Amino acid sequence: MKFEKLTRRHFMAFAAGSSVALAIGKASSHESNFNNSPFSKILHQHDPGQRDPIRDKSNPDLIYPPCTDNGTLPNLRFSFSDAHIRHSTGGWTRQITQRELGVASTIAGVNMRLNKGGIRELHWHKESEWAYMLYGKARITALDSNGYWFIDDVDVGDLWYFPSGIPHSIQGLDPDGCEFLLAFDDGKFDEDSTFLLSDWFKHIPIEVLAKNFRITVDVFKNLPSPEKEYIFAGKIPDNSISSVLSMRGKKSKLIFSHKMLKQKPFSMPGGKVRITDSSIFYISKNIAAALVEVQPHAMRELHWHPNTDEWQYYLEGEGRMGVFASSGQARTFNFRAGDVGYIPFAMGHYIENTSNKTLRFLELFKSEYYADISLNQWLANTPSYLVSQHLHLENSFMNSLQIEKQPVVKK
Ligand code: MN
Ligand code: MN
């Protein structure tokens with residue numbers, strides 16, 4: 001049968017590609033190895049014209065799609081490596097918004113590095129800001145709408161959340177600053193359109209400033225250029241936070257940070273899942289998150305989300321995601337650390353670890369709660385006489401169904 005033949009050929013091509021890709025990861029002259037690899041030779045026969053071998057190697061499931069893929073789906077992946085970096089004296093920043101990844105209407109992402117002492121200037125914005133610390137240490141500050149202050153030091157795996165309009169700052173601490181991922185609850189967000197302290201000061205007549213702060217106009221004669229602020233090199237604060245805690249004013253009763261990695265994970269054969277939404281991180285009313293760890297060759301099971309779109313960030317490892325869009329449409333995308341993925345509302349999907357290392361990624365939702373529907377659990381909790389008449393599968397399938405949800409599965 002033609003269909004079967006295609007399946008096997010495609011599978012073999014993919015398998016060859018995968019093992020070669022793994023070997024290449026360790027080799028020093030990886031491009032020449034790749035050009036001599038079986039995967040490259042198969043590619044050359046198929047596509048003798050212009051090719052980018054580095055990109056081809058990262059996209060086996062686009063180049064040799066599983067034969068179950070069909071129809072047109074929008075692009076569901078964008079890499080931070082393809083995003084413009086804005087460099088400053090105190091660090092750098094880059095963003096993946098709806099402008100980069102057209103389908104991503106609900107959430108926009110920013111990846112930011114603050115050097116030791118580097119300050120993301122005091123600012124606010126219309127969108128709510130959710131963050132995951134990727135590296136190092138940072139100090140965050142905010143003011144709530146009662147006029148009470150918040151300050152905390154955050155570490156790898158910690159979150160923060162600033163509701164829309166709440167003013168805040170971030171600073172990289174000893175010994176090497178920090179790097180973090182930000183998610184904003186609007187795909188059209190632009191990090192260039194935040195409300196900056198220096199920008200406002202520069203656009204108020206100094207007589208008005210003098211009146212507002214009840215001080216002389218001379219004080220405001222040397223205001224810095226907002227271009228130079230945004231992210232700027234600053235002085236490392238006194239290392240102890242306790243000295244700051246004796247500040248005047250009142251400490252906010254709201255908690256803007258959360259230790260996600262310290263949460264006890266839901267563990268199962270093949271992986272772990274941590275879920276953080278407003279049921280435990282009360283302030284995070286507009287972003288719900290799951291941190292998923294998938295062991296080599298295990299898989300985030302077939303499922304979908306009944307509330308909204310999913311925005312993903314890949315923290316570690318490699319995998320592939322298959323998405324089913326109804327009407328016979330399905331497509332498979334390959335992912336690696338630093339990629340952003342997106343799944344439009346209600347589309348069925350799985351994420352399979354395709355490497356021999358742990359795959360870790362974040363699932364984010366513009367929602368106050370996390371929710372998913374497991375295909376397996378659905379069928380297990382539907383009368384078996386009904387299910388068995390649908391798929392023409394043997395009793396062994398009916399017996400394999402799991403009443404309890406297993407977000408990650410391993411054969
Ligand atoms: Mn912000
Ligand atoms: Mn999902």
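This is a predicted model: local features need pLDDT of at least 70, side-chain atom pairs count only at pLDDT 80 or more; totals for chains, interfaces and linings use all residues.
Leaving aside residues up to four places away in sequence, Phe 180 touches Met 112, Ala 131, Tyr 132, Met 133, Leu 134 and Ala 138. Phe 180 also belongs to the largest nonpolar core, which has 73 residues. Within this core, the members that touch the most others are Phe 180, Ala 131, Ala 138, Tyr 161 and Ala 183. At least three residues of the core come from domain 2 (83–258), and at least three from domain 3 (263–409).

Strand β11 spans residues 178–184 and runs antiparallel to strand β4, residues 108–114, with seven bridges joining the two. One of the paired positions brings Gly 109 together with its bridge partner in β11, Ala 183. Both strands sit in an open sheet of seven strands, ordered β2-β3-β4-β11-β6-β9-β14 and paired in the antiparallel sense. At the edges lie β2 (86–88) and β14 (257–259), each of which pairs on one side only. On average, and with direction ignored, neighbouring strands of this sheet are turned by 20 degrees against each other.

Residues 119–124 form β5, which pairs in the antiparallel sense with strand β10 (residues 168–172) over three bridges; here His 123 stands opposite His 168. With strand β13 (residues 231–232), β5 forms two bridges, again antiparallel, and Ile 119 has Phe 232 as its bridge partner. Strand β12 (residues 195–196) is likewise joined to β5 by two bridges and runs antiparallel to it, with Phe 195 opposite Trp 124.

How values were computed
Residues are numbered from 1 along each chain as its sequence is written. Chains are lettered from A and ligands numbered from 1 in the order in which they are written. A nonpolar core is a set of buried Ala, Val, Leu, Ile, Met, Phe, Trp, Tyr and Cys residues joined through C-beta atoms within 7 Å. A residue is buried if 20 or more other C-beta atoms lie within 10 Å of its own, exposed if 12 or fewer, and partly exposed in between; C-beta atoms are placed from the backbone. Domain bounds come from an automatic or database domain assignment. Two residues are in contact if their C-beta atoms, placed from the backbone, lie within 7 Å. Two strands pair if DSSP finds at least two bridges between them. Helices (H or I, at least four residues) and strands (E, at least two) are DSSP runs, numbered from the N terminus. Axes are lines fitted to C-alpha atoms, for helices over the stretch in contact, and angles run from 0 to 180 degrees between N-to-C directions.
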